[in-house]
Amino acid sequence: MAKLELTMPKMGESIIEATILKWVKQEGDQVEEDDTILEIATDKVDSEVPSPVDGVIEKILFPEDDTVAVGEVIAIISTKGMNGAVEAHTASDTTQEAASPIETVSLPETNSMTATVSTNITRTDSKGRFYSPLVRSIAQEEGLAMQELEQIQGSGAQGRVTKDDILNHIANRQLSSTASVADTTQIMTPTPSPVNTPSVHTAMPTYSSNRKDEIIEMDRMRKLIADHMVMSKHTSPHVTSFVEADVTSIVNWRNRIKGSFQQQHGEKITFTPIFMEAVAKAILDFPMVNVSVDGSKIIKKKDINIGMATALPSGNLIVPVIKNADHLNLIGLTRQVNDLAIRARNNELKPDEIQGGTFTLTNVGTFGNVMGTPIINQPQVAILAVGAIKKKPAVMETEYGDVIAIRHLMFLSLSYDHRVVDGFLGGSFLRKIADYLEAFDEERKI
């Protein structure tokens, strides 16, 4: 019997871990190739992990609710073979070298300025609490001793320390250290004349509640979204620019053709694919908006993959991606927008369909909002919000002079990463999107 190591699959370039939601198969169960073995979840999507081979589940290495790093061995499958060699497979059936489970991680030596601490980070502490490979890795990188790790209050199952728990602890520790240095400097330095300086916070804010308040625990996806949003604001200096566009021609055209469009193509046409078409054209004109940042390097993307923020029935958000949007006509964009939106709401998206986005569009007008200041979807550098379309009086230039007319107007707002997108580029790109929308041909054929 050969043994195959099933590893946690890589779900996208920015995904480093996944949570085991449910083991569909248990130890001793027979599986066939493509049978679902377990269900996992990332901050992007829930997914099923299929078996890459026929065999028997010999050993399950992580229980449900554990968060496991990508590439970590999660199960052993016995298969019929010529020898007892151990193979390593990911869920995508890609063979890769699998590391043996690590019981202990040693921290690097501390320098002379640092107090001597115990450097062994074990899988379990003296009270039997389990630490995931990711938590142990973070502890190693940040120089946490086992004694300090044991003091962290865990919010995971059975009091386990999650990634958020250890990152919050590290952030608070760094703030406390900064405050201590500031206090020492103040003692040693003559006091200058009073100035308005920001105070240093040494801990996360605490809140009080009374009996009338309802306390709601965040679900898993909401916690991950919150973490992603905070990370984005810490990563990118956000700037938001606004323009107002006259989309009267688009509204009139859609009102005129929507019935025949659905009859001819079997799809309802919304404004979203029209906005996406304009965005794709503008990116071709300003390709430096279609980039990401890696340290001091700018990665210029060749593909134009536009994500569309989609609200779920739970109130959470997911961003399916339309790949190579510039290669699709309006009918193709409409089909993809409708298909992805429906399957997103039914939790039927595949992992690949929420990965690889290079730019994001969010329609805040769906909620009746006229504009918004969206947060960039990392590792992208820009995101567009489109507001509600409103009828307004507007001044129009004609050959007979200026006139006031009722027009359909909407605000567009672009948030961009000021590290690489300056005001000229961001503002020009946004204006170009509005120009394409305003130049829409009201006589366009379908």
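Visitor: Which residues does S292 touch, not counting residues up to four places away in sequence?

Guide: Contact means heavy atoms within 4.5 Å. Residues up to four places away are left out. S292 then touches K297, I298, I299, K301, P379 and V381.

This is a predicted model, where local features need pLDDT of at least 70, side-chain atom pairs count only at pLDDT 80 or more, and totals for chains, interfaces and linings use all residues. Residues are numbered from 1 along each chain as its sequence is written, and side-chain values use heavy atoms, with hydrogens and water left out.

Visitor: Is S292 buried or exposed?

Guide: S292 lies in strand β13 (residues 291-294); strands are DSSP runs (E, at least two residues) and helices are too (H or I, at least four), numbered from the N terminus. Buried means under 20% relative accessible area, exposed over 50%, partly exposed in between (1.4 Å probe, protein chains only). At 5% relative accessibility, S292 counts as buried.

Visitor: Which element has the lowest mean pLDDT?

Guide: pLDDT is the predictor's confidence in each residue, from 0 to 100. The chain averages 81. Helix α6 has the highest mean, 98. The lowest, 32, belongs to strand β10 (residues 104-106).
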